[in-house]
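Please keep the sequence and the three-dimensional view at hand while reading.

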Amino acid sequence: MNQSNLNLAALLLRMSMGVMFIAHGLLKMMVFTMAGTAQFFDSVGFPSWMAYPVTLVEIIGGALLILGLYSRYVAAATIPVLLGALYVHLGNGWLFTAQNGGWEYPAFLVMSAIVIVLLGDGDYSIRNVLIKRNQISKA
């Protein structure tokens, strides 16, 4: 695989994960409400206050992934959130169509986050553009 394909793969994976995280964070805020999300967290054995940092990680982390800003660190920070989601769905069966959702989707997202940790921002990222612009201005 050539470098251009790797950079495109990093961009597409970052963008899709970023959109997914923002969608899930906004779902928690706007549909379930933060109070409802906190109640859900409590019902599955997590402290209710964890709903707030998880939602922030999803929304802010999603935006950073879309932009390509520190993607390795952002993706690494999302892994505990995704493992929590995996834990919640583990007893429901394999398929996400199972009652209360199965565990294959959260497991896939964990692996996708690991791939972003390995790939990093790629060339098609705001961070890379800013680094190149800074190098040009110093020359």
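In this predicted model, the axes of helix H1 (residues 3-31) and helix H3 (residues 51-67) come within 7 Å of each other and cross at roughly 150°. Because angles over 145 degrees count as roughly antiparallel, H1 is described as roughly antiparallel to H3.

**The packing of H1 and H3**

- Two packed helices are described by the angle between their axes and by the distance between those axes.
- The crossing that H1 and H3 make is left-handed.
- On the H1 side, the residues that meet H3 are Arg14, Met15, Met17, Gly18, Val19, Phe21, Ile22, His24, Gly25, Leu26, Lys28 and Met29.
- On the H3 side, their partners are Val54, Thr55, Glu58, Ile59, Gly62, Ala63, Leu65, Ile66 and Leu67.

**The chain as a whole**

- The protein chain contains six helices and zero strands, and its pattern along the sequence reads α-α-α-α-α-α.
- The C-alpha trace spans about 55 × 30 × 20 Å along its principal axes.
- Of the 139 residues in the protein chain, 34% are buried.
- Among contacts between residues at least 6 apart in sequence, 65% join residues at least 24 apart.

**Helix H1**

- H1 has 29 residues, and the distance from its first C-alpha to its last is 41 Å, close to the 42 Å expected at 1.5 Å a residue.
- Its buried residues are Asn7, Ala10, Leu13, Arg14, Met17, Gly18, Met20, Phe21, Gly25 and Lys28.
- The cover over these buried residues of H1 includes helix H2 (33-43), H3, helix H4 (71-89) and H5.
- An α-helix has 3.6 residues a turn, so residues three or four places apart point the same way.

**Helix H3**

- H3 is built from 17 residues and reaches 24 Å from its first C-alpha to its last, close to the 24 Å expected at 1.5 Å a residue.
- Ala51, Val54, Thr55, Glu58, Gly61, Gly62 and Leu65 are buried in H3.
- The buried residues of H3 pack against H1, H2, H4 and H5.
- Just after H3, Gly68 takes a positive phi of about 80°.

**Helix H5 and Pro106**

- H5 has 16 residues and reaches 22 Å from its first C-alpha to its last, close to the 22 Å expected at 1.5 Å a residue.
- The buried residues in H5 are Pro106, Ala107, Leu109, Val110, Ser112, Ala113 and Ile116, and the buried residues of this helix pack against H1, H3 and H4.
- Pro106 lies in helix H5 (residues 104-119) and counts as buried because its relative accessibility is 5%, where the cut-off is under 20%.
- Leaving aside neighbours within four places in sequence, Pro106 is in contact with Leu82, Ala85, Leu86, His89 and Phe96.
- Pro106 and Ala51 are 55 residues apart in sequence, and their C-alpha atoms are 17 Å apart in space.
- Just after H5, Gly120 takes a positive phi of about 80°.

**Gly102, in a loop**

- Gly102 is placed in the loop between H4 and H5, and it is buried, with a relative accessible area of 0%.
- Apart from neighbours within four places in sequence, Gly102 is in contact with His89, Asn92, Gly93, Trp94, Leu95 and Phe96.
- Gly102 and Gly91 are eleven residues apart along the chain, and 7.7 Å separates their C-alpha atoms.

**Asn128, in helix H6**

- Asn128 is found in helix H6 (residues 126-138).
- With a relative accessible area of 15%, Asn128 is buried.
- When neighbours within four places in sequence are left aside, Asn128 is in contact with Gly122 and Asp123.

Technical notes. Residues are numbered from 1 along each chain as its sequence is written. This is a predicted model: local features need pLDDT of at least 70, side-chain atom pairs count only at pLDDT 80 or more; totals for chains, interfaces and linings use all residues. Side-chain values use heavy atoms; hydrogens and water are left out. Axes are lines fitted to C-alpha atoms, for helices over the stretch in contact, and angles run from 0 to 180 degrees between N-to-C directions. Helices (H or I, at least four residues) and strands (E, at least two) are DSSP runs, numbered from the N terminus. Angles under 35 degrees count as roughly parallel, over 145 as roughly antiparallel, 65 to 115 as roughly perpendicular and the rest as oblique. A crossing is left-handed if the near helix is turned anticlockwise from the far one by less than a right angle, and right-handed if clockwise. Contact means heavy atoms within 4.5 Å. Buried means under 20% relative accessible area, exposed over 50%, partly exposed in between (1.4 Å probe, protein chains only). The expected span of a helix is 1.5 Å times one less than its number of residues.
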